[in-house]
Amino acid sequence: MSKPASAAIGHLYTALLTLPEIKLSNDITARIEPFVPPELDSEGRLRCGIDLRLSDGSMLEFTLTNTGWGKSLAAEHARRPDGPRQR
């Protein structure tokens with residue numbers, strides 16, 4: 001674990017938790033709640049989690065993971081057997 005990565009994920013987690021209520025495209029509002037504070041997982045990667053509590057009572061869970069230096073999520077998806085996802 002690097003000190004810059006640890007500091008960065010801590011700042012990102014804190015910043016996410018300070019966001020005001022958000023409005024989604026379907027007119028449902030949501031607020032961000034803490035789920036898992038920044039920690040090292042069993043594979044030695046930094047990660048944290050948040051819940052997005054929707055006004056209809058449902059919830060979405062998100063995980064933020066430090067994948068390392070120079071790893072590219074886009075490159076990983078480009079190598080998928082079904083090809084890159086088109087926008």
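**Sheet, helix and salt bridges**

Glu 39 has Arg 47 in β3 as its bridge partner. The model is predicted, so local features need pLDDT of at least 70, side-chain atom pairs count only at pLDDT 80 or more, and totals for chains, interfaces and linings use all residues. Residues are numbered from 1 along each chain as its sequence is written, and side-chain values use heavy atoms, with hydrogens and water left out.

Q: What makes β2 and β3 a pair?
A: Two strands pair if DSSP finds at least two bridges between them. β2 and β3 have eight bridges, in the antiparallel sense. Therefore they count as paired. Val 36 has Gly 49 in β3 as its bridge partner. Strands here are DSSP runs of E with at least two residues, helices are runs of H or I with at least four, and both are numbered from the N terminus.

Q: How do you know that β1 and β2 pair?
A: Two bridges join these antiparallel strands. The definition asks for at least two, so the pair qualifies. Lys 23 stands opposite Thr 29 in β2.

Q: Which residue in the turn between β1 and β2 has a positive phi?
A: Asp 27, at about 70°. This hairpin has five residues between its strands. Asp 27 lies in the loop between β1 (22-23) and β2 (29-40).

Q: Why is Asp 27 called exposed?
A: Exposed means over 50% relative accessible area, buried under 20%, and partly exposed in between, with a 1.4 Å probe and protein chains only. Asp 27 has 56% relative accessibility, so it counts as exposed.

Q: What makes β3 mostly covered?
A: Strand β3 spans residues 46-54, and seven of its nine residues are buried.

Q: How many bridges link β3 and β4?
A: Seven, in the antiparallel sense, with β4 covering residues 59-65. Cys 48 has Leu 64 in β4 as its bridge partner.

Q: What is the strand order in the open sheet?
A: The order of the four strands is β1-β2-β3-β4, with antiparallel pairing. β1 and β4 are the edge strands, since each pairs on one side only.

Q: Where does helix α1 lie?
A: Helix α1 (residues 3-17) lies across β2, β3 and β4, and runs at about 160° to β2. Such angles run from 0 to 180 degrees between N-to-C directions; axes are lines fitted to C-alpha atoms, for helices over the stretch in contact. Contact means heavy atoms within 4.5 Å.

Q: Why is the link of Glu 33 and Arg 31 called a salt bridge?
A: The term needs a side-chain nitrogen of Lys or Arg within 4 Å of a carboxyl oxygen of Asp or Glu. Here the N to O distance is 2.9 Å, so the pair qualifies. Glu 33 is buried at 16% relative accessible area, while Arg 31 is partly exposed at 44%.

Q: What joins Asp 41 to Arg 45 and Arg 47?
A: Salt bridges do: Arg 45 and Asp 41 meet at 3.3 Å, N to O, and Asp 41 and Arg 47 meet at 3.2 Å, N to O. Shared partners join Asp 41, Glu 43, Arg 45 and Arg 47 into one network.
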